[in-house]
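This report examines a single protein model and describes how parts of its chain are joined, packed and paired.

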Amino acid sequence: MRSVYSTLLFLAAATPLLADEKSDCLAQASPTNGVIYWTGLEVPLDKADSYGNIMPGSNSTTKGCMQIGQWDGQIRIGEQPHPVKDTRTILETNPVGKWASYDVSYISGFSIALTCLDTVQQTLTGDNTDLFDVPGASCEDKNGYTCVGPVGAWGVRASEMSETSCWNCNPPNAFFAPVAGAAYVFPDDNGSVIAASSNAIHCCVDKDCPWTNPKAGTTKHGTCTCNSGADKRDATPETKPNTKRHLHSHGKHKVRGLSEIV
């Protein structure tokens, strides 16, 4: 007669070990398949197309394994605060092609802290700083529970919309400055871009995530000279070509978004 102890050993040996969800998820990444493994807070997300329009039926949450394939666009994170003015935290994805990369962007605004790690290169984009908790600076323009990015998609503050405004150079204000260099806070803030070497990305949501980006707070302004010489631009959006892609120019993405014309 089999003892209770031997029975337990038999059952343990017969029961397969549960697969590690994170490892199993990231193992599905390839040069043609982007994969994100989400941890941290579970909040809503939506995919936006290359023009920034939310894709119908693309809503999900920041939980577990997310296959993004060759999605070249935006993942907007958090509750949508306004039916038109979307100022949430954005993860920009471009898994394939010459300029394959990822970045965290607060150009439109900040809803929640986001940090993403390329699990092969161990490179970071974003940061775990909750900007609403940083002492000494308050949000100048709130949209519900999000803070609106002061420079916006065209890289100019609303108060500076003129023919001599420079698109890319406006520095972050005091609220966004702590993460400049780690996440996009003005259009020329290209230090936040990480190459999509593996397409195996681990993203963690909120301030309790384990990664602090050493680039956070390292850039103070854009690299061009505003309001002078060749950098004098007509910043009125209506005069710009109807260009596609991301909300700002990328150092690695020379044919995307505003980088097509700056």
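A residue is called buried when its relative accessible area is under 20%, exposed when that area is over 50%, and partly exposed in between. Cysteine 25, at 1% relative accessibility, therefore counts as buried. The model discussed here is predicted, and the values in this report are to be read accordingly.

## Disulfides

How many disulfides does the structure hold? There are four, and three of them are described here, beginning with the table.

| Disulfide | S to S distance | Torsion about the S-S bond |
|---|---|---|
| Cysteine 25 and cysteine 65 | 2.2 Å | about 80 degrees |
| Cysteine 116 and cysteine 203 | 2.1 Å | about 110 degrees |
| Cysteine 204 and cysteine 209 | 2.0 Å | about -85 degrees |

Cysteine 25 is bonded to cysteine 65, with the two sulfur atoms 2.2 Å apart. The S-S torsion of cysteine 25 and cysteine 65 is about 80 degrees, so this disulfide is right-handed. Because cysteine 25 belongs to helix H2 (residues 21-26) and cysteine 65 to strand S4 (residues 64-69), the pair ties together parts that are 40 residues apart in sequence.

The bond between cysteine 116 and cysteine 203 has a sulfur separation of 2.1 Å. With a torsion of about 110 degrees, the disulfide of cysteine 116 and cysteine 203 is right-handed. Cysteine 116 is found in strand S9 (residues 114-118) and cysteine 203 in strand S14 (residues 200-205), so this pair ties together parts that are 87 residues apart in sequence. Cysteine 116 is buried, its relative accessibility being 0%. Cysteine 203 is likewise buried, with a relative accessible area of 0%.

The disulfide from cysteine 204 to cysteine 209 has an S to S distance of 2.0 Å. Its torsion is about -85 degrees, and the disulfide is therefore left-handed. Cysteine 204 counts as buried at 5% relative accessibility, and cysteine 209 counts as buried at 5%.

## Nonpolar cores

The largest nonpolar core contains 38 residues, and Ile36, Trp38, Ile75, Leu91, Tyr106 and Leu114 are the members that touch the most others. Several strands each supply at least two residues of this core: strand S1 (34-40), S4, strand S5 (73-77), strand S7 (101-105), S9 and S14. Which strand provides the largest share? That strand is S14, with three residues.

Tryptophan 38 illustrates the packing in detail. Apart from its neighbours within four places in sequence, tryptophan 38 is in contact with residues including Leu45, Met66, Ile75, Ile77, Leu91, Leu114 and Val205. Cys203 is also among the contacts of tryptophan 38, and this cysteine is the disulfide partner of cysteine 116.

A second, separate core has six residues, among them Cys25, Ala29, Val35 and Tyr37.

## Strand S2 and its partners

Strand S2 (residues 44-48) is mostly covered, since four of its five residues are buried. S2 pairs with strand S3 (residues 60-61) in the antiparallel sense, over two bridges. Within the strands, leucine 45 stands opposite serine 60 of S3. S2 also runs antiparallel to S5, to which four bridges join it. Here alanine 48 stands opposite glutamine 74 of S5.

The loop between S2 and S3 holds aspartate 49. Is aspartate 49 buried or exposed? Its relative accessibility is 18%, so aspartate 49 counts as buried. Not counting residues up to four places away in sequence, aspartate 49 touches Met55, Trp71 and Gln74.

## Residues with a positive phi

Glutamine 122 is not a glycine, yet its phi is positive, at about 60 degrees. Glutamine 122 is placed in the loop between S9 and strand S10 (123-127).

Aspartate 206 is also not a glycine and has a positive phi, of about 100 degrees. Aspartate 206 lies in the segment after S14. With a relative accessibility of 13%, aspartate 206 counts as buried.

How values were computed. Residues numbered from 1 in each chain as written. Predicted model: local features only at pLDDT ≥ 70, side-chain atom pairs only at ≥ 80, totals over all residues. Heavy atoms only, no water. Disulfide = S-S within 2.5 Å. Buried < 20%, exposed > 50% of the residue type's maximum accessible area, 1.4 Å probe, protein only. Core = buried A, V, L, I, M, F, W, Y, C linked by side-chain atoms within 4.5 Å. Contact = heavy atoms within 4.5 Å. Pairing = 2+ DSSP bridges.
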